[in-house]
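Me: I would like to go through this fold with you, one piece at a time. Could you take a look and help me read it?

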Amino acid sequence: MTCNKYILLLIVLFSSLTYAQSLDGYDLWLGYSKVEDVLLAQEYSNATKSIYFPEESEMLIVTKKELKRGLENLLGQSPDISNLQGSGTTLLISKKDDLPQTVLEVLDQNLEQVGKEGFVLKEILSDGKEMLVLSANNDQGILYGVFRLLSLMQQGETLGRLDIIDAPKIDLRVLNHWDNLDRTVERGYAGFSLWNWQKLPEYIDPRYIDYARANASIGINGTAVSNVNANSLILTPMYLEKVKALADTFRPYGIKVYLTARFSSPIEIGGLETADPLDANVQEWWRKKTDQIYALIPDFGGYLVKANSEGQPGPQNYGRTHVDGANMMAKVLEPHGGIVMWRAFVYSEHDKNDRAKQAYSEFVPFDGKFMDNVLVQSKNGAIDFQPREPFHPMFGAMPQTNLMMEFQITKEYLGFSTHLVYLPKLFEEVLDADTFQKGKGSTVAKVVDGTLHGTKLTGIAGVANTGTDLNWTGHTFAQADWYGFGRLAWNPYLGAEKIADEWIKATYSRNPKFVEPIKKMMLGSREAVVNYMNPLGLHHIFDTGHHYGPGPWVSELSRPEWNPTYYHKADENGIGFDRTSTGSDATAQYAPELAKIFNDPKTTPEELLLWFHHLPWDYKLKNGLTLWNGMALKYQEGVDQVKEMIETWEKSKPYVSKEQFEEIQMSLNIQLKEAKWWRDACLLYFQTFSKQELPQGVEKPTKTLEYFKSLKFPFAPGRRPQWD
Ligand code: GCW
């Protein structure tokens with residue numbers, strides 16, 4: 001065989017192997033699988049042939065290490081990276097202060113736009129030759145820029161005429177880990193907590209470094225490592241030493257550590273009689289504690305606080321307000337540059353008002369009263385991370401407050417780590433929602449990134465879905481939720497489709513025969529779960545405690561607002577929650593333009609119909625179907641959508657490894673089984689009220705309602721034992 005034919009054969013062989021290096025999911029989106037496209041590989045090799053990268057900090061050292069690792073994997077050759085700039089430099093990586101004058105002149109204005117964490121990645125002409133320059137005002141910008149360069153190669157993007165001037169649009173981009181000190185994870189479905197408290201501080205698990213790499217690669221710059229149902233022990237010296245070890249590990253990757261602060265800590269670990277925020281001894285205790293933390297962790301981020309919510313202690317226990325509590329903590333953090341993330345997830349079993357109204361009623365009167373280093377952290381919806389909710393009305397009502405978004409990346413209500421549900425579609429829907437606060441275009445994203453009100457401090461949090469499972473999230477496609485959260489935290493206008501495209505190519509394959517159908521499957525998966533769990537605005541009809549599976553019949557819990565019947569209010573006359581002016585009047589918490597839309601079932605978007613209205617079973621939907629038939633067909637549609645996902649994945653077999661294929665195939669089969677379970681249990685139960693047959697096209701249930709009601713799951717993952 002001639003040499004050329006041999007080379008051609010090799011090229012053909014390689015081009016069929018288009019799956020990522022790591023087949024077990026451990027590498028996440030950082031597998032840097034080899035670039036098979038010969039022309040692209042050549043372009044990348046030329047662009048990175050001679051790299052000038054002077055590094056003089058821990059952060060730049062790890063950045064250089066990442067660049068080396070990425071290029072070796074992507075190009076199969078070790079790059080020439082040096083501290084000396086020669087005439088042959090093809091890639092120059094340097095902070096603004098170290099740039100050669102000729103280069104600085106070209107980039108100067110761009111660098112003015114990118115702030116503390118942004119970067120400029122640009123092809124320029126230097127001495128008549130094309131040269132790629134990556135520059136930033138700080139080390140962190142270089143870190144993010146290197147990850148972006150590697151990502152562009154993973155996407156198979158050309159580097160020619162690169163002209164990227166990018167910076168994060170939100171200041172704080174943090175993960176919240178609901179991790180307990182016994183390493184269980186509340187609402188966690190990927191194994192145990194990553195933090196091995198027993199072996200810390202001396203034992204630094206290599207996973208901590210890979211965790212930091214993964215977060216830095218998507219621009220996450222903070223992590224709260226403990227559960228918001230907090231344990232005061234995390235603030236004791238023994239644990240603070242351990243936290244310090246994590247902080248030291250994360251710091252080179254630009255990630256600050258935050259801790260959850262249990263409001264009653266002055267009593268539980270401080271020996272005080274009270275935790276009253278206006279008590280001088282309590283204030284002194286928090287000041288001393290905070291100083292102690294900063295002595296160990298100079299760049300400690302601050303506190304994340306769940307107070308007077310679901311039984312957690314807080315200022316209201318002492319007749320004080322959220323402002324008293326948050327500002328007391330903010331005061332002691334201020335000298336250190338620390339911040340407070342104060343959660344607005346509050347509701348009370350004693351409050352007869354619609355639960356969906358209570359956080360707004362409790363917090364909006366405090367608008368403008370929180371200190372500048374306090375962020376009020378609100379969930380995206382007014383109930384609780386449902387498959388679909390209208391955006392939380394607080395986002396349209398607190399212009400004088402640093403309002404921070406809290407998304408759930410872990411799928412407490414969306415199928416745990418078994419169902420494939422691409423959450424960036426949900427995140428995008430919320431961020432794009434218009435609050436009408438300053439007229440049309442006042443989107444939630446503009447509230448969160450601060451541009452609508454000129455907010456001084458902005459933030460976005462994601463409740464993490466990570467654990468000790470080898471693939472980190474329990475399901476390879478759940479990695480896309482972590483990835484997508486980070487990319488949207490960096491730029492809330494990025495779009496779920498672009499993010500899916502990036503993730504698929506970085507994780508599985510760049511082959512368009514694989515990318516396109518899988519992207520379509522991911523983008524449709526969130527609507528599927530809404531259809532087979534909570535169609536047409538139904539919500540919170542989950543079984544109690546573990547939230548695994550349907551429980552629309554649950555009505556006997558002591559707290560009314562924990563009962564699914566509280567939410568669907570199904571009866572002979574119909575179904576749904578009347579939140580209009582004739583009902584709970586929750587619509588009044590939205591801008592008048594929206595209240596008008598939501599008050600009328602004819603103008604309410606049908607995907608929110610039963611969130612806002614109680615309607616008769618024969619109510620006519622837009623498609624002419626009655627509500628009963630339309631709802632039943634929506635449940636069937638969700639099941640059919642999962643069947644389509646299974647078919648799509650079946651066709652992906654040639655492009656992934658056997659283990660990659662089987663992992664998702666098995667999970668999708670469970671998802672189909674559980675989608676049918678949701679459909680059958682809910683329709684059988686609602687049918688006892690509608691007293692109508694299932695319409696043509698809806699598969700008949702194979703089990704009885706009694707059977708579904710009998711199902712118990714005492715060991716479902718992620719539960720809170722004390723509650724179930
Ligand atoms: O979503 C609910 C969960 C609780 C969680 C709580 C919260 C950490 O069921 O597990 O507690 O909300 O957000 O505080």
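Predicted model: local features only at pLDDT ≥ 70, side-chain atom pairs only at ≥ 80, totals over all residues.

Me: Which handedness does the β-α-β unit of β7, helix α6 and β8 have?

Reply: Numbering starts from 1 along each chain as its sequence is written, and side-chain values use heavy atoms, without hydrogens and water. Helices (H or I, at least four residues) and strands (E, at least two) are DSSP runs numbered from the N terminus; a crossover is right-handed if, with the strands pointing away from the viewer, the path from the first strand over the helix to the second runs clockwise. With helix α6 spanning residues 206–217, the unit of β7, α6 and β8 is right-handed.

Me: Which strand is joined to β7 by 5 bridges?

Reply: That partner covers residues 459–463 and runs parallel to β7. Asparagine 176 faces its valine 463. The strand is β14.

Me: How many residues of β7 are buried?

Reply: Buried means under 20% relative accessible area, exposed over 50%, and partly exposed in between (1.4 Å probe, protein chains only). Leu172, Val174 and Asn176 are buried on one side, Arg173 and Leu175 on the other. β7 is therefore largely enclosed by the rest of the structure, the buried count being 5 of the 5 residues.

Me: How many strands does the closed barrel have?

Reply: The order is β7-β8-β9-β10-β11-β12-β13-β14, with parallel pairing. The closed barrel has 8 strands.

Note on methods:
Pairing = 2+ DSSP bridges.
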